[in-house]
Amino acid sequence: MSIVLATISLLFMEMLVLLVILALLFPILAASKSLRRWSNSMKSLSVLLGFIIIFNTLLSTATNPFNYSVSLALRLVALMTSFSLFFLTVHPDELSQALIQMRVRFEFAFAMSMAMRYVPTLAQEAYAIMDAQKARGVELDKGSLLKRIRNIIPIIVPLIIVSIRRALSIAESMESRGFGASDTRTYMEKLAFRRKDWMVVVLSLIALLTSIYIRLYVPIPNLSLPF
Amino acid sequence: MPLVEFQDFSFKYYGADSLALKKVTLAIDEGEYVVITGPSGCGKTTLCRAINGLIPQFHRGYIAGNVVVNGMNTREHEVAEFATTAGLVFQQPENQLVTLNVEKEIAFGPENLGVEPAEVRRRVEELIDLLDIEHLRDKHPHEMSGGEQQRVAIAATLALKPKILIADEPTSNLDPKSAETILEIISSLNRRGMTVAIVEHRLDLVAKDASRIIVMDQGSVVADGRPREVLVDDICEEIGVGIPKATLIYKRLAAKKVRLSGVPLSGDELASLVKESGST
Amino acid sequence: MIIIEDVHFSYDGLYTALRGVSLQIDDGESLAIMGTNGAGKTTLVKHFNGLLRPQSGRVILNGADTKDFSIAEIAREVGLVMQNPDHQLFLDTVEKEIVFGLKNLGFTEEEATERCSRTITSLGLEGLAQRSPFALSGGERKRVALASVLATEPRVVVLDEPTIGQDACQKQRLAEMLESLNERGRTVVVVTHDIEFVIEHLPRTVAMANGTIVADGQTNKVLSNDEILECCSLTPPQLTQAARSLHEEFPTFPERLTLLSEVESEVLRILGGENSVIP
């Protein structure tokens, strides 16, 4: 469904339609309780959006540059929101299981979920290393740019070493529990397509076809901003 | 036939200067609770890994002699083949939890070996119940304390239904209360019939439950027997093994020709022995 | 001298780790800080060397408020040895590792080299001086981390959980080293769970729970108090249990005894002295 929404966003440049699409996206976001995370990432995007609007307004050769720029910005938002919808609603475990069921090798899918699992651990380790080196007088936030870059070494080297040691330790534990032993690995929980899922697929396809039709044959009223 | 048998086994890691294990010969029978101890670098960790096949299959090196576990020689079988016989719990709890929640973690082992999903689910529920970790069911490993993580690690190891549980300093990184809880769990598993081999420095916590203590030094076994006999042997103090304080008092008294009627392993035992002797 | 005055600290404004902690440590003292995980021990000691700054309250080091100094400046006075030595080791040889800490604090090349060899000798690291820290065993790496802090000869040495995973020999060596530091006038602070180590070697104990100090005083008084032990999730050590039990039967047996040598002599006394063989 994300893909469909993204495609539709790309089809249209008219502001009205884009606003409609966004309006559709909001309830979906709200339903998946991801509104706050979405707005956080949009905030970081706002600088880029600002740039797009300003530069396009100044440089564009379209009939109404400001309109055009705002439409561009809106399109970008719609596009990004559609994609992020996917990542905000799908749990990493389900993603990993989906990949496995699409015949990706278990080791790769698992490596992905393990990476996610260890991110907080690694972050904590990095902070601990920074504390340890600061306590020895390493000044991480002072000095010339060159000095500060060199000061990364006392942080990076221990982090790499500690990670390698950790990886070996993890490998021992996994090996002891039969990792990689059998080609016929089983899975306690499998993902299955339910009726709701089929309905979403069908609806998305209908929406896509309708949009293409509208694009080609239906004239859209021009929403204009007074500039 | 013993469950685990070391036959004149020696091992040297690639790139090491000396042997990690020197001609070790010992046997562990079913139902025993063995404590392995010794100063740092004596080979206890290597010994553990030699039981489930990590040595020599995962850690390459030079080997001589054999280790036979449940009839299988570790030279001839993959580590995974030993998974249902020997379960290994490690020192760092965080490095044993590789998935994003407890259910998946416990299921990890059986899934790897192709166990039927329904059976996997059954084992997960059984172990969550046995180890009392229901409240942790959906938690991310990073949100758990060390003691909780170690409990989940034990559950994940037991999911493969091993015959012997080997624990390599499982309480080193835990606070005292969690350490006691974990050791109590291990003891109760042993009382229900699980063979246990545990590497531990804190003898005051494990000596009273152990049926046997093996002391190692520089790759060899220097003492092997019942706790009350091994811990009073002078070799312990010579090589720097921390015997329980109560036992130390017994030894010091014995050196001054005052002998109590038994060897105490805990404060209470010491007190009763002194009372007994004091009232005659 | 370190004075902690009513310090409050919370992480990210969410988790309050210290709630109004006040503490005074005089020069040359030797003390332990104990408590459950999350009681605030590590948070507190990180205030000693400026890694963390109080959100309210003051930290006064040798008469000066630490807020006016950078961590590097405070590091000359307060050395913190962290729990995991691997968090700081990154150079090719043990020697370079020790010299690194010295150069950071402003010592010249000659001074650094000289102090480095002094430290190496006093900690018995001669054989390891030219080896790579990564090739050493866990215990050896801990000693190297310790050496690199001690080389700067700070007036206050703080150790965070130094006894974890150490065997009896290593703990004894550690205890002896702490004693010699104390003899030379340094202040020693040890954060630990190891109650037996504290009883045998550290005369003062500060017990923490839930971000506050629940007890501060002589070790054998603080750690014979059951309520305090409960607060800190500690069980009384073997000898204390024995002493208590014996006190019930022999009222003359001091209940508060905890040192090995003391228990030994008392038991001997009860049993009639040396050479009295019990049938």
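Guide: pLDDT is the predictor's confidence in each residue, from 0 to 100. The structure shown above is a predicted model.

Visitor: In chain A, where is confidence lowest and where is it highest?
Guide: The mean pLDDT of chain A is 76, and 73% of its residues reach 70 or more. Confidence in chain A is lowest in helix α1 (residues 2-11), at a mean of 57. It is highest, at 93, in helix α8 (residues 153-176) of chain A.

Visitor: Which elements of chain C have the lowest and the highest mean pLDDT?
Guide: For chain C the mean pLDDT is 87, with 97% of its residues at 70 or more. Among its elements, helix α11 (residues 260-271) has the lowest mean, 80. The highest, 96, belongs to strand β8 (residues 187-191) of chain C.

Visitor: How far apart are the C-alpha centres of the two domains of chain C?
Guide: Chain C is divided into domain 1 (2-221) and domain 2 (237-279). In the contact between them, 5 residues of domain 1 meet 5 residues of domain 2. Helix α7 (residues 195-201) of chain C gives the largest share of the domain 1 side, 4 residues. The C-alpha centres of the two domains lie 36 Å apart.

Visitor: Which residues touch the most other members of the largest nonpolar core?
Guide: This core has 104 residues, and its largest share, 6 residues, comes from helix α6 (residues 146-158) of chain B. One of the residues asked for has contacts beyond four places in sequence that include B:Cys48, B:Ile51 and B:Ala197. The two residues that touch the most other members are B:Val34 and B:Ile166.

Visitor: Which element gives the most to the side of chain B that touches chain C?
Guide: Here 37 residues of chain B are in contact with 35 residues of chain C. The elements of chain B that give two or more residues to this side are α7 (176-191), α11 (245-255) and α12 (267-278). By class, the chain B side has 12 nonpolar, 13 polar and 12 charged residues. The element that gives the most, with 8 residues, is α12(B).

Visitor: Is B:Glu169 buried or exposed?
Guide: B:Glu169 lies in the loop between β7 (164-168) and α7 of chain B, and its phi is positive, near 45°. A residue is buried if 20 or more other C-beta atoms lie within 10 Å of its own. B:Glu169 has 21 such neighbours, so it counts as buried.

Visitor: What does C:Ser233 count as, by its C-beta neighbours?
Guide: C:Ser233 is in the loop between α9 (226-231) and α10 (238-249) of chain C. Its phi is positive, about 55°, although it is not a glycine. With 18 C-beta neighbours inside 10 Å, C:Ser233 counts as partly exposed.

Visitor: What is omega for the peptide bond from B:Ile55 to B:Pro56?
Guide: Most peptide bonds are trans. B:Pro56 lies in helix α2 (residues 54-57) of chain B. The bond from B:Ile55 to B:Pro56 is cis, with omega near 10°.

Definitions and conventions: Residues are numbered from 1 along each chain as its sequence is written. Chains are lettered from A and ligands numbered from 1 in the order in which they are written. This is a predicted model: local features need pLDDT of at least 70, side-chain atom pairs count only at pLDDT 80 or more; totals for chains, interfaces and linings use all residues. A nonpolar core is a set of buried Ala, Val, Leu, Ile, Met, Phe, Trp, Tyr and Cys residues joined through C-beta atoms within 7 Å. A residue is buried if 20 or more other C-beta atoms lie within 10 Å of its own, exposed if 12 or fewer, and partly exposed in between; C-beta atoms are placed from the backbone. Two residues are in contact if their C-beta atoms, placed from the backbone, lie within 7 Å. Ala, Val, Leu, Ile, Met, Phe, Trp, Tyr, Cys and Pro count as nonpolar, Asp, Glu, Lys and Arg as charged, and the others, Gly among them, as polar. Domain bounds come from an automatic or database domain assignment.
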